[in-house]
Amino acid sequence: MEISDLRLWGARIAAWGAEYLSTLRSRPVRAQTNPGDIARAIASSPPEAPETFETIFADFERTVMPGITHWQHPRFFAYFPANASPPSVLAEYLTATLAAQCMLWQTSPAATELETVMIDWLRQMIGLPRGFSGVIQDSASSATLAALLTARERALGWAGNMKGLSGAPRLRVYVSEQCHSSIDKACWAAGIGQDNLVKLPASGPLISLDTGVLARAIEADIAAGHKPIAVVGLIGGTGAGATDDIEAVCNVARRHDLYVHVDAAWAGSAMICPEYRHLMKGAELADSFVFNPHKWLLTNFDCSAHFIRDPEALVKTLAIRPSFLRTHGRDGIVNFSEWSLPLGRRFRALKLWFMIRAYGVEQLRAMIRNHVAWSQELAERLAREPDFEITSAPILSLFTFRYAPAGVADLDALNERLVAAINDDGRIYLTATDFAGRRVIRFQVGQTYTTREDVALAFNVITSMARRMPIKPRPPA
Ligand SMILES: Cc1ncc(COP(=O)(O)O)c(C=O)c1O
């Protein structure tokens, strides 16, 4: 393929993208293929001879598209959103064209400096105080791993990286039982171990961890000779939106000089609306805070904003500085590869810059407010149906519910089958989770193109399909 072909195909693919996004409602949200269908349709070995782009693109449409679950579909209500927007897509095209590797300031000064400014724009947008700086990571999982590595090194006097952990005391990390699996994985990868991740009960209207129990768990561990190193606070848990009292968490942690990392991967975007910031009260006391503009802030995956109060501790943990990477004579310059685990880095700041300027913060706030309002409207409508129950009240735009007609033998199995039937139907896409010992259905609104009518349609799909489900009655007592 020649550079000149990029002009032709770039224009054709841009037209295809606009058509795709504007006709998404006519497609089923979740891919309707079976495991292996797509792999079987792809040549099992690479071609020796070049193929025309016409052929390649035709195969993309014929072979790949049927196996795509449409995350940009306006009726995507599953998981959390991974929403996107035209200015962000266009920035990604430019990023791909430049294909710059942005590990050091000198390997792409503009990428580094734009990243510094965009992180500060995001800081201002969500109301974190001055004094937090940050970096764009590929994922919240990476940010959390970096945070726990920093906590580990700080607690071990910066000896863990050099000496390993054999001979070190048992390191302990505390978190709500509602935490995301990325916290477990970070503990595995940081050598802390699953057994040393202490999961604490969470309850109350915001499903918050009990900070009295937290304090006692830390004290008991110290008495047993273990070394508590960190608490991970949660704002907007994946299952049902669980949100800790970050201020209380930080106060407990501070008494024992523990590192506090806040995982606000999904809910962080909503903090651009001042009326929701009570959910992050105390975040200014934390050591680090992560949220994903690639979830709910119109920025294509991947883009995680990782804010840090003391970047020196992070850099001391992650910077290796082999001689070939030194930017001689440029001390004081930020090399973001020293703030993250991978050395190579994409130019991620451009899509934020395009997106924030194209919408302005006020339009972004309006989107979040609509999503929250529509989700709450749906929860209220379902709550009025006698055979449905709301199993966790909306936290921002997420709530859980279940279909609970009287006299059914196994409601968990019924709700599992209901979600499968709804997703096979294709008009909407939902996921199930376990909450308070029951199988429940999650509903979140967060897709870029969702309208109030889409949410209203979800009500019709859920209620009508539920009432058509074959039901196994409970045997008489
Ligand atoms: C609360 C929470 N934390 C962390 C993550 C992990 O995010 P990422 O995919 O960016 O690693 C998720 C993903 O959904 C999440 O919901």
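Biologist: Which residues of helix 15 are buried?

Modeller: This is a predicted model, where local features need pLDDT of at least 70, side-chain atom pairs count only at pLDDT 80 or more, and totals for chains, interfaces and linings use all residues. Residues are numbered from 1 along each chain as its sequence is written. Helices are DSSP runs of H or I with at least four residues, strands are runs of E with at least two, and both are numbered from the N terminus. Counting a residue as buried if 20 or more other C-beta atoms, placed from the backbone, lie within 10 Å of its own, and exposed if 12 or fewer, with partly exposed in between, the buried ones in helix 15 are Asp454, Val455, Ala458, Ile462 and Ala466.

Biologist: Which exposed residues does the face turned away from the buried side of helix 15 carry?

Modeller: An α-helix has 3.6 residues a turn, so residues three or four places apart point the same way. The face of helix 15 turned away from its buried side carries Glu453, Asn460, Ser464 and Arg467.

Biologist: What covers the buried residues of helix 15?

Modeller: Contact here asks for C-beta atoms, placed from the backbone, within 7 Å. By that test, the cover includes strand 11 (398-403), helix 13 (349-383) and helix 14 (411-425).

Biologist: How far apart are the centres of domain 1 and domain 2?

Modeller: The bounds come from an automatic or database domain assignment, which gives domain 1 as 3-83 and domain 2 as 101-346. Taken over C-alpha atoms, their centres are separated by 35 Å.

Biologist: How many residues does the contact take from domain 1 and from domain 2?

Modeller: For the contact between these two domains, the counts are 4 residues from domain 1 and 7 residues from domain 2.
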